[in-house]
Amino acid sequence: MRLVFLGPPGAGKGTIAAIAKESFHIVHISTGDLFRSAVKDGSDLGRRVQAILASGALVPDDLTIEMVRRRLAQDDCKGGFILDGFPRTIAQADALAGMAVLDAVVNFQITREEVVQRLSGRRVCRSTGRIYHIIYNPPKREGLDDDTGEPLVKRPDDEEEKILFRLSVYEKATAPLIDYYRRKGLLVDLDAGGKSQDIFERLRKTLQG
Ligand code: AP5
């Protein structure tokens, strides 16, 4: 199965992808995670994108498309993948059309209020990438990753003014992809409110249906 998860920041794309990849036995490719890991490694790409990520703006299309092209060429993608956070512009979607044939584009639908609530309480483990929420999905021990015990951090782009900026970037650059993929007959709407496990079950039924 080759899926794209499309939706505003904080819609729960990464959370549902973590469940779906296990259930569907496919690879989860998050462009946000790839960029963050490049920043952590101090690579040339990481140095170029660090300030952009922290600001909540989009990384230029050419850098993003090249990174995804390389990732999709790897062997583990042959059995299927979830692209989470890519494409985010029409130019990226056009480029993706030349790289892979998609089965569906899942449109995560969520209110603005929920997005702000979810992102302002998000905490992540830098090394495992595991995602928590201080209220909805707290770690077993406060502030620490369940497996490694490492301290959890707040992403620099999860401060309230950055969240609002990211939402405006989404509306301008990414929301037009909803119509783009609807016209291609690939769009599947998903109610992304409620509990993660329920959302995943809705997704599974929709994809089977
Ligand atoms: P990226 O990492 O992709 O960020 P995003 O799209 O803004 O998405 P998020 O990771 O914020 O949210 P999510 O939908 O995955 O939600 P999550 O599951 O974590 O991108 C970061 C940056 O990288 C961009 O700003 C840009 O600079 C760059 N970038 C990435 N891709 C790019 C591209 N294609 N082009 C150009 N630049 C690009 O959940 C959020 C919180 O809610 C968590 O705390 C979670 O525990 C909680 N939660 C999740 N589900 C539920 C639920 N059902 N109920 C209650 N709480 C929930």
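I began with helix 9, residues 196-208, whose 13 residues reach 18 Å from the first C-alpha to the last, close to the 18 Å expected at 1.5 Å a residue. I note here that I am working from a predicted model. In helix 9 I found Ile-199, Phe-200 and Leu-203 buried, and because they cover an arc of only 100 degrees around the axis, they sit on the same side of the helix. An α-helix has 3.6 residues a turn, so residues three or four places apart point the same way. On the face of helix 9 turned away from the buried side I listed Lys-205 and Gln-208 as exposed. I then looked up what covers the buried residues of helix 9, and the cover includes strand 1, helix 1 (13-24), strand 4 (104-109), helix 6 and strand 7 (187-191).

Next I turned to helix 7, residues 160-174, which has 15 residues and reaches 20 Å from its first C-alpha to its last, close to the 21 Å expected at 1.5 Å a residue. Its buried residues are Ile-163, Arg-166, Leu-167, Val-169, Tyr-170 and Thr-174; seen down the axis of helix 7, they fall within an arc of 160 degrees, so they line one face of the helix. Glu-161 and Lys-172 are exposed on the other side of helix 7. For the cover over the buried residues of helix 7 I noted strand 1 (2-6), helix 6 (112-120), strand 5 (122-124) and helix 8 (176-183) among the elements involved.

**Helix pairs**

Two packed helices are described by the angle between their axes and the distance between the axes. For helix 5 (residues 90-97) and helix 8 I recorded an angle of about 30 degrees, with the axes 10 Å apart, and the two helices are therefore roughly parallel to each other. Ile-90, Ala-93, Asp-94 and Leu-96 of helix 5 make this contact with Pro-176, Leu-177, Tyr-180 and Tyr-181 of helix 8. I sorted the residues of the contact into 7 nonpolar, no polar and 1 charged.

For helix 2 (residues 31-41) and helix 4 (residues 61-72) I recorded an angle of about 100 degrees, with the axes 11 Å apart, and this pair is therefore roughly perpendicular. From helix 2, Thr-31, Leu-34 and Phe-35 meet Thr-64, Met-67, Val-68 and Arg-71 in helix 4. The residues of this contact divide into 4 nonpolar, 2 polar and 1 charged.

Val-68 and Thr-31 are 37 residues apart in sequence, yet their C-alpha atoms are 7.5 Å apart in space.

**Backbone details**

Most residues other than glycine have a negative phi, and most peptide bonds are trans. I placed His-25 in the loop between helix 1 and strand 2 (27-30), where it is exposed, with a relative accessible area of 67%.

Technical notes
Residues are numbered from 1 along each chain as its sequence is written. This is a predicted model: local features need pLDDT of at least 70, side-chain atom pairs count only at pLDDT 80 or more; totals for chains, interfaces and linings use all residues. Side-chain values use heavy atoms; hydrogens and water are left out. Helices (H or I, at least four residues) and strands (E, at least two) are DSSP runs, numbered from the N terminus. The expected span of a helix is 1.5 Å times one less than its number of residues. Buried means under 20% relative accessible area, exposed over 50%, partly exposed in between (1.4 Å probe, protein chains only). The arc is that of the directions from the helix axis to the C-beta atoms. Contact means heavy atoms within 4.5 Å. Axes are lines fitted to C-alpha atoms, for helices over the stretch in contact, and angles run from 0 to 180 degrees between N-to-C directions. Angles under 35 degrees count as roughly parallel, over 145 as roughly antiparallel, 65 to 115 as roughly perpendicular and the rest as oblique. Ala, Val, Leu, Ile, Met, Phe, Trp, Tyr, Cys and Pro count as nonpolar, Asp, Glu, Lys and Arg as charged, and the others, Gly among them, as polar.
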